[in-house]
Amino acid sequence: MENWVYIRDIASAAGQQVTIKGWLYDHTDKGKLQFLLVRDGTGVIQCVASQKDVSPEVFAAAQAVAQESSLIVTGMVQEDKRAPGGFELAITHVEILQLAKDYPITPKDHGIDFLMQHRHLWIRSARQNAILRIRAEIIRAVRDWLDGNGFVNVDTPILTPSSCEDSTTLFETAYFEDKAYLAQSGQLYNEATIGSFGRVYCFGPTFRAEKSKTRRHLTEFWMVEPEMAFVDLDGCMEVEEQFVSYIVQTVLKNRAAELRTLERDISRLEKVVAPFPRVTYDEAVDMLNQKGLPFAWGDDFGAPHETAIGESFDRPVFVHHYPTAFKAFYMEEMPGRPEVCLSVDLLASEGYGEIIGGGQRTASLDLLERRIQEHHLTRSAYEWYLDLRRYGTVPHSGFGLGIERTVAWICGISHIRETIAFPRMLEKIYP
Ligand code: 4AD
Ligand code: MG
């Protein structure tokens, strides 16, 4: 009878005969001893075949097996302080399922283009495995926090008839005789569902035909978007800081090993605890000019500006009350100062830039009708959205957290392309 165990559970099988199923990570040939480093998705274990203890066939198989071959190894679990993971497998049997030849990714330094072309294989590396596990942990924390704080998960459509954010970044697709757009955000729909539930969130892929080639932009990214009735801009920031603190602290607690693999300086993450500092857009403009980055009131921040502001604080910072002119049509105006709106972005620490965009939405029918006109949006496509201001309109707020930018920040990696298994970017849709 085979006793198949996952490597992560190996400690509980000490002294037993077990079977491991996985792939060869590394092979060291020491003549009469063959060291096979085997990984199975849950961990890595060193397996040793000794010529004097196994049959010639088994020893030959251990000698022949090459990097990334799939194999089934049986042996005795032995505690060994020197072995990675603290345990070693003394091999009694090796079955090679498929002998991989000339695995393209070797320990030498490959260029990023080569690695991206081989993303389907690159994801097997320890580093990529750690990043994607942290991503999964972030997503779990996102759902845990929202589900535990009275938010109802209501998912919104991906095929939509109109735009939410910038209409120049819409992906268009045929929809039978008509056309549709891939969703840039689920926000407008969840402004409707708060009328049924009060607090909701959607979580799914969103799409933007971003022509910019930057380290922060994907064309397909995942966004979680909470929306809350009877919550104003201040209340929105309070929710955001609790939410983000919980995510970071949960990753620190549950994914310490992966953060170590990435050599992440966790002292910076340990500081990410609510409350977060808050600055107005006006103050941020002054800060930039004082830092010697000339910046005119009314301009939108670019990556260097966000980095400079973010680096001025030891935890994420809210920038709020942006100019109305460059924010989306649905933003509520500041009372008495209509050139400014009730918007807020959260800039991550360590210069990672914007991870959340959001704010308070227009509650007034008149203002919303005017905005739809000013932004040259097709009014008929938004009649349903106007209805929300006709039938029981309330002050309400919400925000969208970009998962990939959050992963990049928490993992401490410089480019967003490594934060999702198969990134979609300008000029990049393979594999
Ligand atoms: O600031 P954005 O555009 O806000 C919205 O979409 C709102 N409708 C959200 C809401 O209020 N419900 O996008 C929100 C976040 C950004 O802060 C960023 O983290 C991420 O989504 N994001 C991107 N991530 C990767 N690639 C892109 N091209 C992104 N565009 C936005
Ligand atoms: Mg934004």
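**Figure 1. The second largest pocket.** About 600 Å³ of space lies in the second largest pocket of this predicted model. A pocket here is an open set of points on a 1 Å grid over the protein atoms alone, with protein on both sides within 12 Å along at least five of seven lines, and lining residues have an atom within 4 Å of a point. Grid points are joined across faces, edges and corners, and a volume is the space filled by probe spheres set on the points. The lining comes to 21 residues, and G41, T42, G43, N129 and R133 are the ones nearest the pocket's centre. Elements giving two or more residues to this lining are β1 (17-30), α4 (126-148) and α7 (256-261). These names come from DSSP runs numbered from the N terminus: helices (H or I) have at least four residues and strands (E) at least two. Sorted by class, the lining has seven nonpolar, six polar and eight charged residues. For this sorting, Ala, Val, Leu, Ile, Met, Phe, Trp, Tyr, Cys and Pro are nonpolar, Asp, Glu, Lys and Arg are charged, and the others, Gly among them, are polar.

**Figure 2. The largest pocket.** This one holds about 1,200 Å³ of space. Its lining takes in 47 residues, with E165, R208, E210, K327 and E354 nearest the centre. Which element gives the most to the lining? That's β17, with five residues. Split by class, you get 19 nonpolar, 13 polar and 15 charged.

Figure 3. The structure holds two cavities of 30 Å³ or more; in a cavity, a 1.4 Å probe fits but cannot get out. The largest has a volume of about 90 Å³, and residues lining it include C164, L170, Y189 and W384.

**Figure 4. E68 meets R124.** These two form a salt bridge, with their closest N and O atoms 2.9 Å apart. To count as one, a side-chain nitrogen of Lys or Arg has to be within 4 Å of a carboxyl oxygen of Asp or Glu. E68 sits in the loop between α1 (56-64) and β4 (70-79), and R124 in the loop between α3 (119-122) and α4, so the pair ties together parts 56 residues apart in sequence. Buried or exposed? E68 counts as buried, at 5% relative accessibility, while R124, at 27%, counts as partly exposed. Buried means under 20% relative accessible area, exposed over 50%, and partly exposed in between (1.4 Å probe, protein chains only).

**Figure 5. R278 and D234, plus another pair.** The R278 and D234 side chains meet in a salt bridge (3.3 Å, N to O). R278 belongs to strand β12 (residues 278-280) and D234 to helix α6 (residues 233-254), so parts 44 residues apart in sequence get tied together. E258 forms a salt bridge with R255, also with closest N and O atoms 3.3 Å apart, and both E258 and R255 are buried.

**Notes for all views.** Residues are numbered from 1 along each chain as its sequence is written, while chains are lettered from A and ligands numbered from 1 in the order in which they are written. Local features need pLDDT of at least 70, side-chain atom pairs count only at pLDDT 80 or more, and totals for chains, interfaces and linings use all residues, with side-chain values using heavy atoms and leaving out hydrogens and water.
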